Amino acid sequence: MRQFLKELPKCEHHLHIEGSLSPELLFQLAATNRIKLPHDNSAFASISTLEARYEHFTSLDDFLHFYYIGMSVLITSSDFESLAYDYFTRAHKDGVHHAEIFFDPQAHTDRGIAYNTVVTGLVAAQQRAEKDYGLTSKLILCFLRHMTADDALGTYKAASSLGHFSDGTVVGIGLDSSEVGNPPEIFREVYAAASEAGIRRTAHAGEEGDPTYIERALDICNVERIDHGIRLAEDGALLKRVAKDKTLLTVCPLSNVRLRCVSKVADLPIRKFLDSGVRFSINSDDPAYFGGYILDNFYAVQEAFGLSMEEWKYIADGAIKGSWCDEERKTFLLEKVEECIAKYS
Ligand SMILES: Nc1ncnc2[nH]cnc12
Ligand SMILES: [Zn+2]
């Protein structure tokens, strides 16, 4: 089963590129770029103390504190390119054929790094990954929900004025950071603009927030996907609606355990999603912080739920169908899944 899971063609839809910054690369870039890490936080004493601290996050906000300090070492386009190329290399080894990755421009522009510096580096890595591995990818621009709606709108306009939505450099928008107390409707205006312009839309919802966060993301922000969405299981009517509409949930099992949304993978509503016909993909979120890349998440789900090959085919097919790539690529990837199933049947 492990070899089958490794080879099963995967699409990753929930990966924060800044969350793939390993402690090794973090310390290396801090030295190269002369960035001072906080002296008053003993976790930053060494790579091993930082790794040890990552095993004890108490909540999303506790993690986010480290996440924003960590990314402060990313300065040049080439830093972003190395970060993203390393991720693509690892994802390719895990059987990822198509990745739709989040980036947080405000977390960089807020500390003086230009939006274009970030995107230039990421695009260079995307082009190399497609050439070297045949791995296709898209960028999703996330707004930080702890910042204002005006700031989100300004970021959206900056990307728009560079033509990044119309030329396909950025496929869609997302919403991340601290969820509870920062509901999706605060950002209704920027979502309406994206909707009007035909830009893809997703939002983190129902990670820590109750199911109304999911409902409001769907109803008010008109999102096409829900990132995490695990608390959907608490609302039967909403669950039916999401299943009927084939709205993709991008679930991140190891993240949910590390951030204490659930105490173990077996407590996630994976069985309920399968039985109700909810479409979902399995993803790594911030793999350098949560102890595993996409394949580790697949293994963890298999260990907890003992799924059949047919159920894995349903997950793999749903992930492809819910992707924001073209139909030709989807057809190709669906055939690859068929071949993999045939090989292991
Ligand atoms: N799991 C997560 N939830 C919300 N915002 C994030 N930013 C990076 N990872 C996140
Ligand atoms: Zn996330």
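In what order do the eight strands form the open sheet, and is the pairing parallel or antiparallel?

1. The model under review is predicted. Its open sheet has the strand order β1-β2-β3-β4-β5-β6-β7-β8, and the pairing is parallel. In general terms, strands of a sheet pair through backbone hydrogen bonds, in either a parallel or an antiparallel manner.

2. One pairing may be examined in detail. Strand β6 (residues 225-228) runs parallel to strand β7 (residues 248-251), and three bridges join them. Within this pair, arginine 225 stands opposite leucine 248 of β7.

3. Which residues of helix α2 (residues 23-32) are buried? They are Pro23, Leu26 and Leu29. These residues lie on the same side of α2 because they cover an arc of only 130° around the axis. Glu24, Ala31 and Thr32, on the other side of α2, are exposed. A residue counts here as buried with 20 or more other C-beta atoms within 10 Å of its own, and as exposed with 12 or fewer.

4. The packing partners of the buried residues of α2 are three helices: α3 (47-54), α4 (60-70) and α5 (77-93).

5. A backbone detail after this helix also deserves attention. Arginine 34, which follows α2, has a positive phi, near 50°.

Technical notes: Residues are numbered from 1 along each chain as its sequence is written. Chains are lettered from A and ligands numbered from 1 in the order in which they are written. This is a predicted model: local features need pLDDT of at least 70, side-chain atom pairs count only at pLDDT 80 or more; totals for chains, interfaces and linings use all residues. Two strands pair if DSSP finds at least two bridges between them. Helices (H or I, at least four residues) and strands (E, at least two) are DSSP runs, numbered from the N terminus. The arc is that of the directions from the helix axis to the C-beta atoms. Two residues are in contact if their C-beta atoms, placed from the backbone, lie within 7 Å.
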